[in-house]
Every structure is written in C-alpha cells, then in structure tokens.
Amino acid sequence: MESFRELANIVGIDSVGWRYDPILISDVYPLERHISDFEMMAAYLSGYTKTCVISFIDIYRKVERNFPQARPVCPSERMEIGKTFAEIGRKYGMTIKACAEGNDLAPYRVDCSGCMTIETFESALHCRLDAPKRKPARSECTCYLGNDIGAYDTCGHLCRYCYANANVAAVKQNMQRHNPASPFQIGTEEPDDQVHDAKQTSWIDRQMRLF
C-alpha cells in the first residue's frame, strides 16, 4: 500500500485504482474481517485513489482442484459486503466498482457499469479518446480492453484461489525456464516462434471544444 501511495504521487489520483478480490468467506476470513480489513486499507489509501474494484471468488475447475475448501459467497453475504463496502468507500472518497458481478449491488450505489471503460481511461489521461468500437471480451464484462499481461502457470506465489495457475508442476517448470535477460516472460526465442510488431495508434481526440 505504501508503493501504491508513491505511485499515486507520480501519476496522479485519477490514474490509479485498487482491487479487493477475490472475496472469499472462510474461518480465517469471515465477513467481519473483510469489513475491518477493507476499512483499514481504504483509510490508508484515502486521498491517493478514487476507485476500488471488488469481485467475489469464482469456483472454476482449477480453483476446485487447488483450493477444495473454497465455497461460493452466498447472496446475503454479497449484499452485506457490497452495501458496507460502498458506505466505507463514500466515507473515504472512493467509488466501489463491481467486476463482472451483474447489477445486484447497484441499489447500494456500487458502480456496476464496468471497471475499465473508455470513461475510465479518459479520466486517467485527462483527455477525450476517439476509440474504435469493440465488443467486450466476455459477456458479463463491459471493460473495453481485455488483454492480459503475462502468462498462465508462471507465478511462484501459488495462491490457492488463483485463476492463473492450473498446477504446481507446470509453475515450477516454467519458473526454471525464466531468463531475466530475455524479452519473453518465459524462456527465450525458439526457431519456430513468430514475433509480430503490434500496430500502435493513438486514440487521443485532439479536437478542441467549447464545452
């Protein structure tokens, strides 16, 4: 969180947001602890960001395998967390956004319109964008960009709820292939690899307007 505040001082309060997810309920992390921890974090980050994104754990097959104790968060717990987090957010000058959770939390003034929309980018960049039309990557998601940076089965933290790791053996094998001198996330360029230059086009709308 200290690094977050340092980053906000560099790029500005509109250009950084934090995520509190995935929210899961367990003996170690009951509802009360989530509320207490969230308020502590929100208080510490107050004045350094205007946005927090939340989501609840999804029990994907890989999560079932790596974290069999995990259970879905029931509707009443979701409502209590959404309502309380929204109140805490307003207390510390933050909008709470829900990631791919439908509109169930909207009555509590949780922003369910998408966490990485064109409006989000315009606010961060302090300019208007003329971006091409795109369909969301997932039906339940309204984010404009859906590209991940990184690769699956590469993180050695091995968080049990992580959606990006399928199995421990693959993670360890990929970590052994890591070459810090290589531009690739894993290994080095192979003879059969195809590397393409990405086309870079500015979307900044430089049209001057009276309003």
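These legends describe close-up views of a predicted model.

**View 1. A stacked aromatic pair, F38 and F85, joins two helices.**
The ring centres of F38 and F85 are 3.8 Å apart, and 10 degrees separate the planes, which makes the pair stacked. F38 belongs to helix α2 (residues 31-45) and F85 to helix α4 (residues 75-91). The two residues are 47 residues apart, and the pair links distant parts of the chain. F38 is buried, at 0% relative accessibility. F85 is buried as well, with a relative accessible area of 0%. Both rings also take part in an aromatic cluster, whose other members are W18 and Y20. The count of aromatic pairs in the model comes to five.

**View 2. Y60 and Y163 form an edge-to-face aromatic pair.**
The ring centres of Y60 and Y163 lie 5.0 Å apart. Their planes stand at 85 degrees, so the pair counts as edge-to-face, the cut-off for this class being over 60 degrees. Y60 is in the loop between β2 (51-56) and α3 (61-66), while Y163 is in the loop between α5 (118-125) and α6 (168-176). The pair therefore ties together parts of the chain that are 103 residues apart in sequence. Y60 is partly exposed, with a relative accessible area of 36%. Y163 is partly exposed too, at 28% relative accessibility.

**View 3. The charged end of R5 sits over the ring of Y44.**
The distance from the charged end of R5 to the centre of the Y44 ring is 3.9 Å.

**View 4. A salt bridge connects D14 and K50.**
The model has a count of eight salt bridges, and the pair shown here is one of them. The N to O distance between the side chains of D14 and K50 is 2.9 Å. D14 is found in the loop between α1 and β1 (18-23), and K50 in the loop between α2 and β2. D14 is partly exposed at 23% relative accessibility, and K50 is partly exposed at 40%.

**View 5. A salt bridge between E39 and K91 spans helices α2 and α4.**
The side chains of E39 and K91 meet at 2.7 Å, N to O. E39 counts as partly exposed, at 24% relative accessibility. K91 has 56% relative accessibility and counts as exposed, because the cut-off for that class is over 50%.

**View 6. E77 and R71 meet in a salt bridge.**
The N to O distance between the side chains of E77 and R71 is 3.1 Å. E77 has a relative accessible area of 15% and is therefore buried, the cut-off being under 20%. R71 is partly exposed, at 34% relative accessibility.

**View 7. L7, I10 and V11 make a nonpolar surface patch.**
The area of the patch made by these three residues is about 290 Å². L7 is placed in helix α1 (residues 2-11). The relative accessible area of L7 is 42%, so this residue is partly exposed.

Key. Residues numbered from 1 in each chain as written. Predicted model: local features only at pLDDT ≥ 70, side-chain atom pairs only at ≥ 80, totals over all residues. Heavy atoms only, no water. Patch = residues over 30% accessible without salt bridge, like charges linked within 9 Å, V, L, I, M, F, W, Y side chains within 5 Å. Areas by Shrake-Rupley, 256 points an atom, 1.4 Å probe, with all protein chains shown as cover. Salt bridge = Lys/Arg side-chain N within 4 Å of Asp/Glu carboxyl O. Helix = DSSP H or I, 4+ residues; strand = E, 2+ residues; numbered from the N terminus. Buried < 20%, exposed > 50% of the residue type's maximum accessible area, 1.4 Å probe, protein only. Phe/Tyr/Trp six-rings, centres within 6.5 Å; stacked < 30°, edge-to-face > 60°. Lys NZ or Arg CZ within 6 Å of the ring centre and 35° of its normal.
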